[in-house]
Amino acid sequence: MRSDAKTLAERFSGKYLPAASGCWDWLAFKDHGYGKLTHFNKCLYAHRVAYELYIGPIPVGMTVDHECRNTACVNPAHLRVMSLVENI
C-alpha cells in the first residue's frame with residue numbers, strides 16, 4: 001500500500017453532516033440518493049461502509065436497511081441488517 005493512501009475510515013470521515021433529525025447526511029457523491037465513495041478504485045455504498053466501520057461485518061447475503069428511510073443517511077444507529085426479502 002502506498003504510504004500516502006488514506007484508510008477507508010479517513011476517506012469516510014468529514015463527508016457527512018449530522019442533522020437535527022439524527023441522520024448523518026452524506027455530502028459527497030450520491031447515486032439514486034445513496035451515498036457512494038471510492039477506495040482503491042472500488043465503488044462502495046457509504047451506508048454499508050458506516051455499518052462495517054461502526055458496527056461490524058455485514059453477513060453474506062444480507063443487506064443494510066435505513067430505519068430512518070433516508071437513503072443518504074450514514075448514521076450507524078439508523079442502520080440495520082436484514083435479508084433482501086425483508087427489505088423489499
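**Entry 1: His47**

I began with His47, which counts as buried because its relative accessibility is 7%, where buried means under 20% relative accessible area, exposed over 50% and partly exposed in between, with a 1.4 Å probe and protein chains only. I noted that this is a predicted model, in which local features need pLDDT of at least 70 and side-chain atom pairs count only at pLDDT 80 or more, while totals for chains, interfaces and linings use all residues. I also noted that residues are numbered from 1 along each chain as its sequence is written, and that side-chain values use heavy atoms, with hydrogens and water left out.

I placed His47 in helix H2, residues 46-54; helices (H or I, at least four residues) and strands (E, at least two) are DSSP runs numbered from the N terminus. Which residues does His47 touch, leaving aside those up to four places away in sequence? I found Tyr34, Val64, His66, Cys73, Val74 and Leu79, with contact meaning heavy atoms within 4.5 Å.

**Entry 2: Helix H2**

I listed the buried residues of H2 as Ala46, His47, Val49, Ala50 and Tyr51. These buried residues pack against helix H1 (8-12) and against strands E2 (24-26), E4 (34-39), E5 (42-45), E6 and E7. After H2 comes Gly56, and I recorded its phi as positive, near 150°.

**Entry 3: Strands E6 and E7**

I then looked at strand E6 (residues 62-66), which is mostly covered, with four of its five residues buried. E6 runs antiparallel to strand E7 (residues 79-83), and five bridges join the two; strands pair if DSSP finds at least two bridges between them. The bridge partner of His66 in E7 is Leu79, and I noted again that His47 touches both His66 and Leu79.

**Entry 4: The whole chain**

I counted three helices and seven strands in the chain, and read along the sequence they follow the pattern α-β-β-β-β-β-α-β-β-α. The radius of gyration is 13 Å, close to the 12 Å that the globule rule gives for 88 residues, so the chain is as compact as a globular protein of that length; the radius is taken over C-alpha atoms, and the rule is 2.2 Å times the number of residues to the power 0.38.

Along its principal axes the C-alpha trace spans about 40 × 35 × 25 Å. Of the 88 residues, 34% count as buried. I also recorded that, among contacts with a separation of 6 or more, 44% are between residues 24 or more positions apart.
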